[in-house]
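The exercises below ask the reader to work through a structure by hand, and each is followed by a solution that goes step by step. Please look at the sequence and the structure before reading the solutions.

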Amino acid sequence: MQPTSLAFADKAHAALDNPALQSALGSIKTGWQAGRGRAAEALPEFEALRDRGRDIKNHTLQHLDLYLEMFEANLTAAGGQLHFARDAAEARATVLDLCRTAEARAVTKSKSMVAEEIGINEHLEANGIERIETDLGEYIIQLRKEPPSHLVGPAVHLTKDQVSDLFAAHHGGPRIEDPAALVAEARRVLREKYFQADIGITGANFLVAETGTIVTVTNEGNAELTQGLPRTHIVITSLEKLVPTMDDAFTLLRLLARSATGQEFSAYTTLVTGPRRPADLDGPDRLHVVLVDNGRTKMLGTALQEMLRCIRCGACMNHCPVYLAAGGHAYGWVYVGPMGSVLTPQFAGIEATHTLPNASTFCGRCEAVCPVRIPLPKLMRHWREVQFEKHLTPPTTRFGLQAWAFLAQRPALYRALTRTAATVLGLLGRGTGRFHRLPLAGGWTASRDLPAPAGTTFMAAYAKQGGRPR
Amino acid sequence: MRPAPSAAAPDRPRVALFVTCLVDLFRPSIGFAAIRLLEATGCTVEVPKAQTCCGQPAFNSGDRASAEAIARQVIDAFEPYDYVVAPSGSCAGMLRRHLPELFDTDPVAKERATVLAERCHELISFLVDIRGLDQVASDFAGTVTYHDSCSGLRELGVKAQPRQLLLGVPGVDLVEMREPEVCCGFGGTFCVKYPEISTRMVSDKTADIAATGADTLAAGDLGCLMNMAGRLQREGRAVRAYHVAEILAGPGADTLPGIGERRR
């Protein structure tokens, strides 16, 4: 997927003008955002749990080689096979090879953001393999031929009415409005597909090193059917999902559901350790784990290492006023909201994405709710520094900044100029006390008045009184 | 090293006022209100002449070299004082939380920055938490709603202190807006980089402010206040906007024109 992040402002403009989208985004506030608040409040040890989550992830990242080897050994011992992919192209090639080996014509897929990241969907279809998304939200956006707009709710940008229209157009039959009936219809269509699939592709929420176990959570049970029914199960996931122990995975699971949706636990938590064993009643014959690097190991030892703690809960976007105004598609790539503004430049290059780390007021709410305490504003600032170093900042902004910095380092000159500006603007604005329009300030005055200076600077007024307050 | 500030916190600490560039240019009354409040708690207030700005615009725009140069100037100018106090959570947050970050490769400067950072405070939290102020003499009268500016709230824990002092003003009736902790959309350069998103955010905020029925908006940061006042005025809403220090530093507070209002 080519990033379209440079069009962030234009897409945000369209989003703000789209009442259906705004209504859909509004429900995040009353739903997941409020839910997270209640869940955090209800658990006395929630803040301590966040510390623990951060520490587990930090420890794992410090010993990533150790836990990677341990996971591979235990996965192999359980009968699974690990495939390491350095980048997206290698990961796509590996998955396609596995599909061809299994002579697959159709795959079912449960939600995996890493699968989106490597662009496996288009790749499978281009190679003649039918793909059926089994997560309800993913199924909806597959029908609409759209990318996800949220980590947890890929179709959160749509209203129920839009889904009613979509299902009527694709499934035939009458237009249904009742949400339960819509879900039942999707379930009926998907049930048949599960049995036709040759391969089931899932993601993973955690990879447990001590047991070689893959942990997935869903609220629909679709991962179970996706991985349990076909002969082959492929897991597309990434390095930073590793945790040392099962206890660690469960500590993080307690944080994940609360932070994501406000649930104490997701409806389905599935642990997979190897393919079907001789005594098992069902399960796939083969289990492949495609472990994607795609630039992650390059983040180790840099300022961005902290981002690898992310457990993909979506709390940062649910609480981000910019995301809630612009919606996920404005971000122009797979990952959205504050976490996307940090990850997308890493995966897609800062040249094509520098709009994203700037799409923040640094209000700090994302960091305040992050279950593993990722300092998201600090990491967005890191990308702004890279942008500045690479001269990707617009020339006028760069010039303005440096002119201002020049003055700020010359207090006497600075005071003389600000005194003049305060006098002139104070005189111009004395009629009403504010400006309705002002040259060079259109970004401000298009929608707001600009208060006029009082006519003298503080420093001048203070000096005039002999350094005494009035 | 520069001359050390007076040992331990003395009864009359020497406090350097960090005026902030917005207060200096747009609204000196906030600086004078800060001085009155600080003096009321027994501080000796001085205004170092070598100050301009905390460097936050450069820091947040990725211009690390400029931010660092300005930070060195801040350290030189403010190091001799017992405390540095700014009538802004944003600037105080820059000084208190981010100044040392700028010197990761210069241990000597980092040490100086760290020592200074620990003495830097946002005005209202300094008055309440460090100086023990619990009551002010103000003749301000009105129904006030208080917006929690982001940096003060989340970087410095400013939340209860301004409300405590406002509640102690006899003429003030304090009412809470729906989401006082949500950003107003100012965000420094954000408001001109993404004016449409900023406008959406500030419009949500002014709707929440108006819904309280308050006649006065108070906050601890002039940037946020100019944004909210500017939008309230564009929408024709009759809500006056003040820095919380202006409300608390009466007498005379009630005759001060609000932000963006005509001087009387």
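**Exercise 1.** In which loop of chain A does Glu103(A) lie?

*Solution.* The model is a predicted one, in which local features need pLDDT of at least 70 and side-chain atom pairs count only at pLDDT 80 or more, while totals for chains, interfaces and linings use all residues. Residues are numbered from 1 along each chain as its sequence is written, and chains are lettered from A and ligands numbered from 1 in the order in which they are written.

Begin with the elements, where helices (H or I, at least four residues) and strands (E, at least two) are DSSP runs numbered from the N terminus. Glu103(A) is found in the loop between α5 (88-101) and β2 (106-109) of chain A. Next, take the backbone: phi of Glu103(A) is near 50°, a positive value in a residue other than glycine. For context, most residues other than glycine have a negative phi. Finally, count neighbours, given that a residue is buried if 20 or more other C-beta atoms, placed from the backbone, lie within 10 Å of its own, exposed if 12 or fewer, and partly exposed in between. Glu103(A) has 8 C-beta neighbours inside 10 Å and therefore counts as exposed.

**Exercise 2.** Locate Arg312(A) and decide whether this residue is buried, exposed or partly exposed.

*Solution.* Arg312(A) sits in the loop between α13 (296-299) and α14 (315-318) of chain A. Its phi is near 60°, again a positive value in a residue other than glycine. With 17 other C-beta atoms within 10 Å, Arg312(A) is partly exposed.

**Exercise 3.** Which strands stand at the edges of the open sheet of chain A that has mixed pairing?

*Solution.* The order of this four-stranded sheet is β8-β5-β6-β9 (chain A). At the edges stand β8 (242-243) and β9 (268-272) of chain A, each with a single partner strand, so one side of each is left without a neighbour in the sheet. Strand β5 (residues 206-208) of chain A runs parallel to β8(A) and is joined to β8(A) by two bridges, with Leu207(A) standing opposite Leu242(A).

**Exercise 4.** At what angle do α11(B) and α12(B) pack, and which residues meet?

*Solution.* The two helices pack at an angle of about 75°, with their axes 9 Å apart. Angles under 35 degrees count as roughly parallel, over 145 as roughly antiparallel, 65 to 115 as roughly perpendicular and the rest as oblique, and α11(B) and α12(B) are therefore roughly perpendicular to each other. Contact requires that C-beta atoms, placed from the backbone, lie within 7 Å. Val202(B), Ser203(B), Lys205(B), Thr206(B) and Ile209(B) of α11(B) meet Asn227(B), Met228(B), Arg231(B) and Leu232(B) of α12(B).

Turning to burial, the buried residues of α11(B) include Ile197(B), Met201(B), Val202(B) and Ile209(B). Their cover includes α1 (8-16) and α15 (321-326) of chain A together with β5 (142-146), α10, β7 and α12 of chain B. Just after α11(B), Gly213(B) takes a positive phi of about 80°.

**Exercise 5.** How many residues of chain B are in contact with chain A?

*Solution.* The contact involves 62 residues of chain B and 55 residues of chain A. Among the elements that give two or more residues to the chain B side are α2 (28-40), α4 (64-78) and α11 (195-212) of chain B.

Technical notes:
Contact = placed C-beta atoms within 7 Å. Axes fitted to C-alpha atoms, helices over the stretch in contact; angles between N-to-C directions. Pairing = 2+ DSSP bridges.
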